[in-house]
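Thanks for coming. I will take you through one model, starting with a pair of helices and then moving to some aromatic rings.

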Amino acid sequence: MASQIPEEHIRHCMLFEFRKGNTATAATKNICDVYPSALDVRKCQRWFSKFRSGNFDLSDAHRSGRPTTLDNDVLRAEVEANPCQTIEELSNSLNQPWSTIQEHLPQIGKISRAGVWVPHNLSEQNKANRSITCNVLLQRHRTDPFFDRLITGDEKWVLYDNPKRKRQ
């Protein structure tokens, strides 16, 4: 249930408890009575110290960290020029850490399929090919039922044929 509650709502509850004059421990208990496991005491103590200093801003503060200098357009052009590159090769060619490349590839809509970076979404041609294939299989099934002999596993189709042996 804690994941369904907006974080800012919990912060409003903490501010309410602070203004009532409760301690962080009591506030945590009161909030967790209504929203189980939505808050821990240490987090409430940090917010209460912030409130005591006069800062009542409930939004997330800007966090420090290394800023990203990778332009997604440059990455997209590099991937489209040679979609068979690995993340390590892209990292070396763009002079960026591989973790940055790994984070930005989904942002530009690319995933690795069989060693090639392809768009994540199906194109209209892919959708049409799948539709045609499904219709052909359904028509074939009407004349010769074969779905009972299929075993599926992770997008691979394997035909399983177990003929009955006749007694001789």
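Let me begin with the residues that touch: Val 74, Leu 75, Glu 78 and Val 79 in α4 meet Leu 90, Ser 93 and Leu 94 in α5. Sorted by class, this contact of α4 with α5 has five nonpolar residues, one polar and one charged. Keep in mind that the model is predicted.

How do the two helices lie? Helix α4 covers residues 72-81 and helix α5 residues 87-94, and they pack at an angle of about 125°, with their axes 11 Å apart. The two are therefore oblique to each other. The crossing of α4 past α5 is right-handed.

Now the aromatic rings. A pair of aromatic rings is described by the distance of the centres and the angle of the planes. The count here is six aromatic pairs. Take Phe 18 and Phe 48: their ring centres are 5.3 Å apart and their planes stand at 85°, so this pair is edge-to-face. Phe 18 sits in helix α1 (residues 7-20) and Phe 48 in helix α3 (residues 41-52), so the pair ties together parts 30 residues apart in sequence. Phe 48 is buried, at a relative accessible area of 2%.

Phe 18 also pairs with Phe 51, with centres 5.4 Å apart and planes at 50°, so that pair is tilted. Phe 51 lies in helix α3 and Phe 18 in helix α1, so here the parts tied together are 33 residues apart in sequence. Is Phe 51 buried or exposed? Its relative accessibility is 1%, so Phe 51 counts as buried.

To finish, ring pairs link Phe 18, Trp 47, Phe 48, Phe 51 and Phe 56 into a cluster.

Definitions and conventions. Residues are numbered from 1 along each chain as its sequence is written. This is a predicted model: local features need pLDDT of at least 70, side-chain atom pairs count only at pLDDT 80 or more; totals for chains, interfaces and linings use all residues. Side-chain values use heavy atoms; hydrogens and water are left out. Axes are lines fitted to C-alpha atoms, for helices over the stretch in contact, and angles run from 0 to 180 degrees between N-to-C directions. Helices (H or I, at least four residues) and strands (E, at least two) are DSSP runs, numbered from the N terminus. Angles under 35 degrees count as roughly parallel, over 145 as roughly antiparallel, 65 to 115 as roughly perpendicular and the rest as oblique. A crossing is left-handed if the near helix is turned anticlockwise from the far one by less than a right angle, and right-handed if clockwise. Contact means heavy atoms within 4.5 Å. Ala, Val, Leu, Ile, Met, Phe, Trp, Tyr, Cys and Pro count as nonpolar, Asp, Glu, Lys and Arg as charged, and the others, Gly among them, as polar. Rings of Phe, Tyr and Trp (its six-membered ring) pair if their centres lie within 6.5 Å; planes under 30 degrees apart count as stacked, over 60 as edge-to-face and the rest as tilted. Buried means under 20% relative accessible area, exposed over 50%, partly exposed in between (1.4 Å probe, protein chains only).
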